[in-house]
Amino acid sequence: MKLRENIVIILMTMASLGIAFLFFLLSAVSGGPDYRAFDIQSGMGFRGISEKLYDEGFIRSPRIFMVYGALTGAAHQLKPGSYLISSGSSTPSILNIIEKGPTIDEEITFPEGMTLKDMDSVLARRGILPSGSISRVSLKNLKEKYPFLAGVRNLEGFLFPDTYRFYKQGEARMVVEKILDNFSTKAQPLLKECQGSGIRCQGLNENEILTVASLLEKEAPLYRDKQMIAGIIYKRMQLGMALQIDATITYAKCLGYFMTCEDPKVYRKDLEFDSPYNTYSHNELPPGPIGNPGLDSIKAALNPIKSDYLYYLSDPKTKKTIFSRTLEEHIDNRAKYLGV
């Protein structure tokens, strides 16, 4: 009887020690209040997260972390991104933090006219997304949530310029949807007037108006000048004239998806390259926006000013737009302001 009692005592002691050791493995590595950043890359598996937490000194045991995560159901709920984790956090606390989502974000401002490629570079440079992520987001899936993307080639024009906060090492679709939600709230109500090519829209649909707005964004900084240029663009389209907008050449050769970037000084010497964005050789609008316009440019595209002008240029010194009625007058202005 005494032997049996001793065995029971030993087993109970071992169980108590085992439980105590388990609680030790689940406890915080240290009691310090200091916080450190912890990054979870998109696509990193639960085992990889566990091992990285252990390697960086956040947990005592990757195996116990995995077992606890599996038992609580948190294993498949962990989200990529950047986190601030205290060195005094226990395994359950760390799991809870990562399950809720990233805690470190970055404020980024995209100015009007910035292209999709420019935005992609900024996001990659700031550690939000790997390079090229925006372009790889499935348009097919986005169109289900954002019907205004129907028929577009890519997201150019719809990445509304504004100030945003993004989580580092986040998911590309979440980043894109945040920007598209903003576009839907601020820009789409204006463009809806062009469904069915409304009277204010010069017979163009909303995607074409957005394309015109992207041209205006590149051509002039002042709202009234944008309205004047919009009037010239629509007049040229009605006359069947080429728009001859240098910004489309820059986009096609340097920022778009068609050619390699060259010295801008040679653009006007090489205007015969084959691209639907070449508004010198094609007498119509480009097939899509050449950047992401702001509200002023969209409003100007919807509210053009009719005039006798058919030509314009920008004074490189003052940025003032110089308008001309005739080709002869335009040639004189080019010599006066541009020296060509």
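**Notes on the salt bridges and a strand pair**

1. The count of salt bridges comes to eight, and it should be kept in mind throughout that the model is a predicted one.

2. Aspartate 105 and arginine 165 form one of these salt bridges, with 3.0 Å between the closest N and O atoms. The pair links distant parts of the chain, since aspartate 105 belongs to strand S3 (residues 105-109) and arginine 165 to strand S4 (residues 163-167), 60 residues apart. Aspartate 105 is partly exposed at a relative accessible area of 29%, and arginine 165 is likewise partly exposed, at 38%. A network of salt bridges links Asp105, Glu107 and Arg165.

3. Glutamate 106 meets arginine 126 in a salt bridge with an N to O distance of 2.8 Å. Because glutamate 106 lies in strand S3 and arginine 126 in the loop between helix H5 (116-125) and helix H6 (133-136), the pair ties together parts that are 20 residues apart in sequence. Arginine 126 counts as partly exposed, with 31% relative accessibility.

4. A further salt bridge joins the side chains of lysine 186 and aspartate 162 at 2.5 Å, N to O. Here lysine 186 is in helix H8 (residues 172-186), while aspartate 162 is in the loop between helix H7 (139-145) and S4, 24 residues apart. Lysine 186 is partly exposed, with a relative accessible area of 35%, as is aspartate 162, with 22%.

5. Turning to the strand pair, S1 (residues 35-40) and S2 run antiparallel to each other and are paired over six bridges, with aspartate 39 standing opposite serine 82 in S2. Strand S2 (residues 81-86) is mostly covered, five of its six residues being buried.

Note on methods
Residues numbered from 1 in each chain as written. Predicted model: local features only at pLDDT ≥ 70, side-chain atom pairs only at ≥ 80, totals over all residues. Heavy atoms only, no water. Buried < 20%, exposed > 50% of the residue type's maximum accessible area, 1.4 Å probe, protein only. Helix = DSSP H or I, 4+ residues; strand = E, 2+ residues; numbered from the N terminus. Pairing = 2+ DSSP bridges. Salt bridge = Lys/Arg side-chain N within 4 Å of Asp/Glu carboxyl O.
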